[in-house]
2 protein chains.
Amino acid sequence: MAKEKKLVEQITSMEEDFAQWYTDVCKKAGLCDYSSVRGFMVIKPYGYAIWENIQAELNRRFKKVGVQNVQMPMLIPESLLQKESDHVEGFAPEVAWVTQGGLEKLPERLCVRPTSETLFCDFYSRDIHSYRDLPRIYNQWCSVVRWEKETRPFLRTREFLWQEGHTAHATAQEAEERTQMMLHLYADFLEQVLAIPVVKGRKTDKEKFAGAEATYTVESMMRDGKALQSGTSHNFGDGFARAFNVTYTDKDNSLKYVYQTSWGITTRIIGALIMVHGDDSGLVLPPRIAPTQVMVIPIAAHKPGVTEKAEEIKNTLSQKFSTEIDETDKAPGFKFAEEEMRGIPVRVEVGPKDIEAGQAVIVRRDTREKIYSPIDALSENVEKTLEQMQQDMYDRAKKFMEDHTYVATSYEEFKDTIATKPGFVKAMWCGDPACEEKIKAETTATSRCMPFAQEHLSDTCVCCGRKAKAMVYWGKAY
Amino acid sequence: MAKEKKLVEQITSMEEDFAQWYTDVCKKAGLCDYSSVRGFMVIKPYGYAIWENIQAELNRRFKKVGVQNVQMPMLIPESLLQKESDHVEGFAPEVAWVTQGGLEKLPERLCVRPTSETLFCDFYSRDIHSYRDLPRIYNQWCSVVRWEKETRPFLRTREFLWQEGHTAHATAQEAEERTQMMLHLYADFLEQVLAIPVVKGRKTDKEKFAGAEATYTVESMMRDGKALQSGTSHNFGDGFARAFNVTYTDKDNSLKYVYQTSWGITTRIIGALIMVHGDDSGLVLPPRIAPTQVMVIPIAAHKPGVTEKAEEIKNTLSQKFSTEIDETDKAPGFKFAEEEMRGIPVRVEVGPKDIEAGQAVIVRRDTREKIYSPIDALSENVEKTLEQMQQDMYDRAKKFMEDHTYVATSYEEFKDTIATKPGFVKAMWCGDPACEEKIKAETTATSRCMPFAQEHLSDTCVCCGRKAKAMVYWGKAY
């Protein structure tokens with residue numbers, strides 16, 4: 001048992017040091033690694049396989065709502081970035097600038113895209129002519145660069161992968177509907193596939209996207225009680241269209257500005273997967289997103305018939321699930337520790353005694369529950385187990401979020417809760433950014449969102465005591 | 001018929017101006033567009049859908065030979081790029097340099113990756129320890145930047161999309177096997193899926209990749225007789241490993257350098273698809289790669305029952321093929337011209353008389369052949385038609401390549417053939433780069449490859465008359 005103990009001991013426990021636990025899981029589960037380029041990471045095969053599954057699942061959902069994938073340039077001329085004033089103000093301080101191409105200094109510097117609103121607008125200004133060209137529902141999968149000072153794997157890196165959808169519509173109403181449609185799509189994806197419960201709502205003006213009229217967000221809660229913004233959807237109104245002159249000729253022959261939206265989910269969602277579901281043995285992946293759903297482990301493989309039976313089981317299960325078999329000469333306990341570190345939803349153990357009894361053992365990653373199943377019924381029982389696990393993971397995360405969501409009706413109560421209880425605090429707000437600033441300065445908590453599901457907790461702002469306008473979720477955030 | 005004629009008239013004919021025909025097809029088929037960023041293009045939904053199909057098909061084939069996808073940083077520190085001398089010499093003159101990050105000037109400039117050998121080597125130098133860690137068969141899908149002076153859509157742009165595989169092996173032999181395995185995989189993909197016949201061979205030292213010991217290539221012939229390098233695979237020996245100190249501890253406890261390969265296919269293959277199969281009506285897509293395989297077009301849709309029957313056919317065919325229906329109010333002839341421009345392999349026409357006769361008309365894009373099929377047997381007949389078309393497209397392109405491949409045994413004959421006959425010239429070569437230089441300077445033809453299928457055409461070099469060492473394919477190239 002020495003070896004597998006050692007493997008497990010290499011992870012710091014969540015309780016001891018959550019940040020270190022997170023970094024340990026990233027590395028030991030083989031998700032990513034540091035690179036020699038400061039602030040940039042390498043996404044290793046296992047981490048990238050999760051991202052590919054996320055891509056496939058989102059693409060499937062995107063396609064149902066008319067999204068088409070495209071590819072825009074990676075670089076943006078400075079003059080283009082500057083066209084929309086709020087937008088440039090938000091992004092200019094954190095972009096990387098290309099100043100030389102080949103052996104020549106460029107006449108105009110180009111930034112590596114931090115996001116591509118400007119490129120899409122520039123393209124749409126030439127591509128859209130008539131109402132017949134609308135709507136345009138385009139999306140691209142790419143990487144973007146933002147020159148962050150402090151970085152953490154997946155959560156904050158100078159380069160990250162994402163999808164960014166950019167749409168153009170004939171009317172303000174259609175743009176608003178698309179903005180909310182995509183937010184609900186994200187929420188559904190997070191809850192149904194990643195088993196991550198979310199709070200859906202609208203960002204305050206202070207927290208909204210640079211250039212947006214409205215930003216909607218799905219916020220999720222990590223196991224340390226901190227919030228992670230897990231997907232955002234922005235309604236730009238006609239602001240960008242006016243800045244970039246994106247117009248169309250309507251049925252009545254008049255020239256009109258289009259209304260635009262954008263929305264995105266990034267590789268930081270892998271950070272959320274780790275921090276919502278992981279435990280002190282490593283990663284725990286929801287079955288619907290796991291690159292490997294089942295790991296077959298032969299016990300006492302040197303005994304006659306074991307390897308054959310294990311391989312037979314592997315082949316049978318492969319027809320329905322993404323299945324691997326560990327036939328290395330490591331000790332079973334070591335193999336268990338390894339596949340637990342990687343968060344593989346279920347393992348199937350089969351040894352000489354099992355074979356004699358015509359059974360195998362299914363072990364759930366999240367609860368360690370052992371389910372004895374006739375080998376003949378293994379496929380059905382693995383399926384049931386995976387479905388149950390998916391549901392239980394969501395329910396558990398949902399309960400955790402509810403248990404760690406508090407109400408504060410006075411500022412003293414608010415400060416005390418933020419200081420002593422990890423989680424979200426629901427409290428009323430007057431709508432004044434000054435109160436947001438004060439709360440952030442004094443407690444480090446930020447407004448996460450004004451949830452769609454508003455509640456009336458009290459009449460007055462928790463900070464200043466003036467008349468309240470909205471209930472806000474507050475929390476410390478990644 | 002005025003409208004559809006107009007649509008077709010918008011394309012220049014191949015014979016009149018092949019380059020303009022190419023650009024016209026790119027734009028009119030909706031594959032790509034220019035952007036405001038000089039030398040960079042926008043890949044539009046239809047072009048990107050072809051790329052996604054290429055990705056899916058290659059990923060499927062990659063998986064079978066143990067390839068794992070990863071993601072490396074987009075930027076490379078100058079010091080890292082400089083570690084392998086041939087490599088930096090090859091790429092430094094054509095990279096884009098990031099010199100500022102956020103508001104600060106960078107202490108060391110970073111180039112946007114033109115290719116990622118250096119990043120993979122740097123990573124492998126930390127990631128590989130023991131013989132147990134080998135082989136590493138990693139690949140990434142990404143975009144790269146090379147500061148080209150003259151650009152053309154898909155064929156040569158400052159940014160292009162590609163996959164780049166990078167492997168590390170314990171032995172030189174294994175590296176050589178992998179290099180050739182991937183070349184054959186590319187050849188098979190090009191021939192079986194894209195219906196593009198290829199010549200497989202090895203590049204001369206002059207034409208090989210910067211830093212490689214050997215470069216293998218698949219060369220294909222465009223309809224104007226020019227060559228297009230359609231995929232390459234490089235064997236680096238242990239050159240990069242020595243420069244980057246990528247070592248492993250072997251079974252005997254000795255420290256050894258790894259042997260490495262890299263291989264890639266880019267979006268320029270979409271250029272090949274256009275130029276191998278296209279005609280004066282636009283694109284012609286091989287059924288196995290077409291985003292839309294079947295377009296259903298109702299004729300006289302206002303007549304009772306037509307729309308319903310067309311939709312029924314669309315739904316039936318959708319179960320087996322990627323099928324669309326054009327229910328716009330455009331005239332049928334206009335619709336035909338549109339779907340022909342997009343190269344959709346077959347269209348299915350159905351009108352009142354067809355319905356009465358219980359039939360529909362299948363029209364092949366490549367030959368315009370009309371196949372009358374009972375509606376009940378439409379699915380089988382469409383399948384047969386698509387299969388036949390895929391095979392015919394390959395056979396036609398193969399015959400074209402063979403018909404435009406010439407032999408030259410004297411320099412006069414060589415020069416005359418290159419000057420007057422578009423296509424490849426097979427000729428013997430002494431192995432001296434000086435002859436290659438002379439041929440290029442005097443004829444603009446370059447050595448495409450020394451084919452695996454060597455022939456003995458004569459005893460002497462076509463250029464200098466000295467003893468010949470190899471047969472070479474020569475041609476003008478994209």
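How many residues of chain A are in contact with how many residues of chain B? In this predicted model, 52 residues of chain A are in contact with 52 residues of chain B, contact meaning heavy atoms within 4.5 Å. Local features need pLDDT of at least 70 and side-chain atom pairs count only at pLDDT 80 or more, whereas totals for chains, interfaces and linings use all residues. Residues are numbered from 1 along each chain as its sequence is written, chains are lettered from A and ligands numbered from 1 in the order in which they are written, and side-chain values use heavy atoms, with hydrogens and water left out.

**Interface of chain A and chain B**

- The size of an interface is often given as the accessible area lost when the parts come together.
- About 4,100 Å² is buried between chain A and chain B, and carbon and sulfur atoms give 62% of this area; buried area is the accessible area (1.4 Å probe) that two parts lose on being put together, summed over both.
- P45(A), Q71(A) and M74(A) supply 15% of the area that chain A buries against chain B, more than any other three residues.
- The interface holds 2 salt bridges, a salt bridge being a side-chain nitrogen of Lys or Arg within 4 Å of a carboxyl oxygen of Asp or Glu.
- D127(A) and K44(B) form a salt bridge through their side chains, at 3.7 Å from N to O.
- Strand β5 (residues 96-101) of chain A gives the most to the side of chain A that touches chain B, with 6 residues; helices (H or I, at least four residues) and strands (E, at least two) are DSSP runs, numbered from the N terminus.
- That side of chain A comprises 29 nonpolar, 11 polar and 12 charged residues, where Ala, Val, Leu, Ile, Met, Phe, Trp, Tyr, Cys and Pro count as nonpolar, Asp, Glu, Lys and Arg as charged, and the others, Gly among them, as polar.
- β5(A) pairs with strand β5 (residues 96-101) of chain B in the antiparallel sense over 5 bridges; two strands pair if DSSP finds at least two bridges between them.
- In this pairing, V98(A) stands opposite V98(B).

**The 11-strand sheet of chain A**

- This open sheet has mixed pairing and the order β3-β7-β8-β14-β11-β10-β9-β22-β23-β21-β20.
- β3 (68-69) and β20 (405-407) of chain A stand at the edges with a single partner strand each, so one side of each is left without a neighbour in the sheet.
- Strands β10 (residues 214-221) and β11 (residues 227-237) of chain A pair in the antiparallel sense over 8 bridges, with T217(A) opposite T232(A).
- Helix α9 (residues 268-277) of chain A packs on the sheet and touches β10, β11 and β14 of chain A.

**A salt bridge within chain A**

- The side chains of R368(A) and E340(A) meet in a salt bridge of 2.9 Å, N to O.
- R368(A) lies in the loop between β18 (359-364) and β19 (370-374) of chain A and E340(A) in helix α11 (residues 332-341) of chain A, so the pair ties together parts that are 28 residues apart in sequence.

**The 5-strand sheet of chain B**

- The order of this open sheet is β16-β15-β17-β18-β19, with mixed pairing.
- Its edge strands, β16 (323-325) and β19 (370-374) of chain B, each pair on one side only.
- Strands β15 (residues 294-298) and β17 (residues 346-350) of chain B pair in the parallel sense over 5 bridges, and M295(B) stands opposite R347(B).

Conventions: Axes fitted to C-alpha atoms, helices over the stretch in contact; angles between N-to-C directions.
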